[in-house]
Structures are given as C-alpha cells and as structure tokens.
Amino acid sequence: QRKAIQPAFHRIAVEAHAGDIVAANQRLANRITAAPCGPVDITHELSEVTLEIVLRAIFGTSYERLVSGVNPFALLTAESDRDLKFAYAFRQLGALVQQEIERRRAGATAAPDILQRLIDARDRHTGESMSDRQIRDEVFTLIVAGHETTASALAWTWLLIAQHPHVAERLRAEVDEASDAERARPDPQCFAYAQQVIAESLRLYPPGWLLTRRARAAAAIAGIDVLPGDDILISPYLVHRHPDFWIDAERFDPDRFAPEAERARPRFCYLPFGAGPRACIGESFALAEMLAHIVTLAHRCRIELVPGQTIHIEGRGNLRPRPAIRVQPVRRSS
C-alpha cells in the first residue's frame, strides 16, 4: 500500500497544494490579528489550521461540501484526549468518508487530491485496487497523523521563536526580503534560515518522539542480541539531545542546520521523521506546510508569549505542549 500511495506525496504532488496551504495560513493571520486582539491560544489555532489543510489535501474540492454546516471533523480539535471514547466518535466519520468514496467510484468527482489517488492506486504486482475499508483506514490515518504532528511541531516552533528574539528578527528579515510571489509559493531555496529554524525545532521537540519496530529475525545491534518478536524502541527525542552528536544539546540554535554543520554530523543522529523504508510518508508535505506557515505568519505578525506561562512536555501519541501556549499576536505594518 505504501508504494501505491507514495506518488501522492512526491514533491510535485505536494506543490499542487501550496495555494491552499498559504491561503489557510493567511486566513489564520487575519483572524489572530483582528482588532481588538487579546491573547490567543496558539495551540488550538494551529490545530484548526493544520486540520483544514490536511482535509483540503485529502478531499480537494469536496472539502467545502463535507464541512458545510457543522463540521463533522471538528472533534479532532475539540477533544485533546485520544482514548477509546474519542476513537469511537472518530470512527463514526467512516460513513461520511464511505459516501465520498462511492461518489468518486461512480464518477461523480475526479480531482487531483489524495482521496482520488488512493482510489486510483493499484498494487504493482496484482493490479488490484484497495478495498473501501483500506481506503477509509488510510484516510483516517492521514487525517490524525497529518494534523496533530504538524500542529504540535508548529506550536513548539513558535514557543522557541518567541523565546529567542534574535532568531525572530533574523527570520523576519529573510521573509521580508522575499518577493510577494516567493512568499505565495514558498520555495525552500528562498527561505534557508526559516528551514533551519524548523529543523532545530524538530530536533528539540520531534512530534514522533518514540519509534517502535518489531524484529522479524534474529540480529545483533550494538552488541545486544535481538530475538524474533522483540520490540525495539528508538527515541528521536533522546538521539537529538545526545551529547556525542550535539554540542550544548539543550540550546536552541538554528545554525546547527547550516549546510556545513549538517555535513559534519553522522546521518542518523537526526531523524524527526524516522528513517529507512518505514520513514514517515508525509515528510515532504509536513515540511512544505510548516515552511509556508512560518513564512506567512512571520511576514504578517509578531508572536509574543503571554508572560508567566510554564509549558511542560506531554509525551503521548506525539510530543505536545501542556498547557496550551498563549500568545499575543501583533500585526506588522506592510
């Protein structure tokens, strides 16, 4: 299934969503800087915008129809607990997704979105398509994983930027030097420092803080015998802060990801999206989404922390800030 789905996440396919990603973040910037503007729960706002973006990517032009009236997907941002009660409520959306699949199979809609790619995907050996249940499961996985991890990563990123004014100033300078066209479709080559900021944030607070693998055969890893069926736990959070690879590892320093510094490090001491054939399939989409968000908001406003907050790490399905981060957005003049 992964090989069949992979084309939906190739760079060219991801670029097709750039307009929707930037537009959603422009609406977010307008909303949080609307006068009179008091403190904002940026954690919730990021959850809202990343959910909209992933739903638009999956459902394309069907998005507006699916969320008209009461948005059935709103429970993802309204409920923070991921328990059995949430799982049951979320699964009730299956009927809605099934109706959309049936519309597509009947030829009612044909769009270059992720759902259509799932429907059109064929097994490279058998030529068979996925069952409706497989498609629904992929859609559910993409909604949860594509929304929550990115929202958490961006929340940590803004916390770090707000705590380091010199980083914020350098970031704004780079964004302001770009043209309107470059900001409308952010190209990584135009925003090198913004990418370094994102990379360093993902180093300190990787949403996928714990990766699990199960051994299929006996092996030895670093002198440790591994038996078939053993579970192997890899923590990017710990690897990213290991003093053998990172000098002053607890310090936020985007220049760690300048090209010359990256070349000097071992390849696998940085793995926010995992590594190898089971690495996160949505890496390109997530990075493009984060870059567009940072560029758009840095150009439109300053994000200042509300004083007196103590933010803790909550390590559950992903690495989330608790309690929610409260900020004071300040609109920047043109």
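Is phenylalanine 140 buried or exposed, and what is its relative accessible area? Phenylalanine 140 is buried, with a relative accessible area of 4%; here buried means under 20% relative accessible area, exposed means over 50%, and partly exposed lies in between (1.4 Å probe, protein chains only). The model is predicted: local features need pLDDT of at least 70 and side-chain atom pairs count only at pLDDT 80 or more, whereas totals for chains, interfaces and linings use all residues. Residues are numbered from 1 along each chain as its sequence is written, and side-chain values use heavy atoms, with hydrogens and water left out.

The structure holds seven aromatic pairs. Rings of Phe, Tyr and Trp (its six-membered ring) pair if their centres lie within 6.5 Å; planes under 30 degrees apart count as stacked, over 60 as edge-to-face and the rest as tilted. The rings of phenylalanine 90 and phenylalanine 140 have centres 4.9 Å apart and planes at 55°, so this pair is tilted. Because phenylalanine 90 lies in helix H7 (residues 84-91) and phenylalanine 140 in helix H10 (residues 132-163), the pair ties together parts that are 50 residues apart in sequence. Helices (H or I, at least four residues) are DSSP runs, numbered from the N terminus. Phenylalanine 90 is also buried, at a relative accessible area of 6%. Ring pairs link Phe86, Phe90 and Phe140 into a cluster.

In another pair, the ring centres of tryptophan 246 and tyrosine 270 are 6.5 Å apart and the planes stand at 70°, so the arrangement is edge-to-face. This pair links distant parts of the chain, 24 residues apart: tryptophan 246 is in the loop between helix H14 (236-239) and helix H15 (259-263), and tyrosine 270 is in the loop between H15 and helix H16 (283-300). Tryptophan 246 is buried, with a relative accessible area of 3%, whereas tyrosine 270 is partly exposed at 23% relative accessibility.

Charged side chains also meet rings. A charge sits over a ring if NZ of Lys or CZ of Arg is within 6 Å of the ring centre and within 35 degrees of the ring normal. The charged end of arginine 241 sits over the ring of tyrosine 205, 5.4 Å from its centre, and arginine 265 lies over the face of phenylalanine 257, at 4.8 Å from the ring centre.

Two packed helices are described by the angle between their axes and the distance between the axes. Helix H4 (residues 42-59) and H16 pack at an angle of about 130°, with axes 12 Å apart; axes are lines fitted to C-alpha atoms, for helices over the stretch in contact, and angles run from 0 to 180 degrees between N-to-C directions. H4 and H16 are therefore oblique to each other, given that angles under 35 degrees count as roughly parallel, over 145 as roughly antiparallel, 65 to 115 as roughly perpendicular and the rest as oblique. Leu46, Thr50, Ile53 and Ala57 in H4 meet Phe285, Glu289 and His293 in H16, where contact means heavy atoms within 4.5 Å.

Helix H13 (residues 192-204) holds alanine 194, which is buried at a relative accessible area of 0%. Not counting residues up to four places away in sequence, alanine 194 touches Leu171, Glu174, Leu291 and Ile294. Glutamate 200 is likewise found in helix H13 and is buried at 0% relative accessibility.

How values were computed: Helices (H or I, at least four residues) and strands (E, at least two) are DSSP runs, numbered from the N terminus.
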